[in-house]
Amino acid sequence: KLTGAEALVRWQHPEMGLVPPDSFIPLAEETGLILPIGEWVLRTACNQARKWLDSGRQFGVVAVNISGNQIERGDIVELVRQVLWETHLPAHLLELEITESFIMKHANEALDTLLALRNLGVSLAIDDFGTGYSSLAYLKRLPLDEIKIDRSFVNDIIKDPETVSIVEAIITMASKLGLSVVAEGVENSREFDFLRKRGCHCFQGYMICKPMSD
Ligand code: MN
């Protein structure tokens, strides 16, 4: 069953062709261009979700990545409220993904923002989980709905027994905390079967579905 779609930005450049996000997002973060880009991505994704909704397509939720800069320097709560209002998208169909490294570094300052976003009715996911320094106290306190296990763990479970233990622990911890778990970067049936047997029920990656335009 389709539980959601994540909006991922690409840059179709007239000479360079398709530019992947890791080539321009860090620069956008540095220059502050991430604010208008992030706003465009959010609005475009919500518009698309509204179109799917109007045409009767079931897509679960649409997930949009939020940069730490948008939380620190922009008024992300007002922006999300505005875009939901403009696009008439029911808030529960929008999920915002925030990286673990940002949340954990700024947990105290970000708490009010996360609560305000949650109050709008959107759900919140912690992205790239396992790569930052997670505080278990924060994990308990922050208003989160979902954990996304970073692809580097998923891709190592076949060859590395220590990664197996870490992934099992993440899945158990998330389910005890009442959070849903998504495994990112699932590329083959061995990874898929492994995760499924250990209680992970949501998957994302090339094996499940390749990126598509809309
Ligand atoms: Mn993401």
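This is a predicted model: local features need pLDDT of at least 70, side-chain atom pairs count only at pLDDT 80 or more; totals for chains, interfaces and linings use all residues.

Q: Where is asparagine 69 placed?

A: Asparagine 69 is in helix H3, which covers residues 68-72.

Q: Is asparagine 69 buried or exposed?

A: Buried. Its relative accessibility is 15%, and the cut-off for buried is under 20%.

Q: Leaving aside neighbours within four places in sequence, what is asparagine 69 in contact with?

A: Glu29, Ile34, Leu35 and Gly74.

Q: Switching topic: glutamate 97. Which strand is that in?

A: Strand S5, residues 94-99.

Q: And why does glutamate 97 count as buried?

A: Because its relative accessibility is 1%, and under 20% counts as buried.

Q: What does the side chain of glutamate 97 make a polar contact with?

A: The side chain of lysine 148, at 2.6 Å. Not counting residues up to four places away in sequence, glutamate 97 touches Lys148 along with Glu6, Ala63, Val64, Asn65, Ile66, Ala125 and Asp127.

Q: Now the largest nonpolar core. Which residues touch the most other members?

A: Leu42, Val64, Val80, Leu94, Leu96, Val122 and Leu195, out of 65 residues in that core. Helix H2, residues 34-54, gives the largest share of this core, with seven residues.

Q: Back to leucine 195. What does it touch?

A: Val154, Ile157, Val167, Ile171, Ala183, Val186, Cys200 and Phe203. That leaves out residues up to four places away in sequence.

Key. Residues are numbered from 1 along each chain as its sequence is written. Side-chain values use heavy atoms; hydrogens and water are left out. Helices (H or I, at least four residues) and strands (E, at least two) are DSSP runs, numbered from the N terminus. Buried means under 20% relative accessible area, exposed over 50%, partly exposed in between (1.4 Å probe, protein chains only). Contact means heavy atoms within 4.5 Å. A nonpolar core is a set of buried Ala, Val, Leu, Ile, Met, Phe, Trp, Tyr and Cys residues joined through side-chain atoms within 4.5 Å. A polar contact is a pair of N or O atoms within 3.5 Å; within protein, one must be able to donate a hydrogen and the other to accept it, and residues adjacent in sequence count only if both atoms are side-chain atoms.
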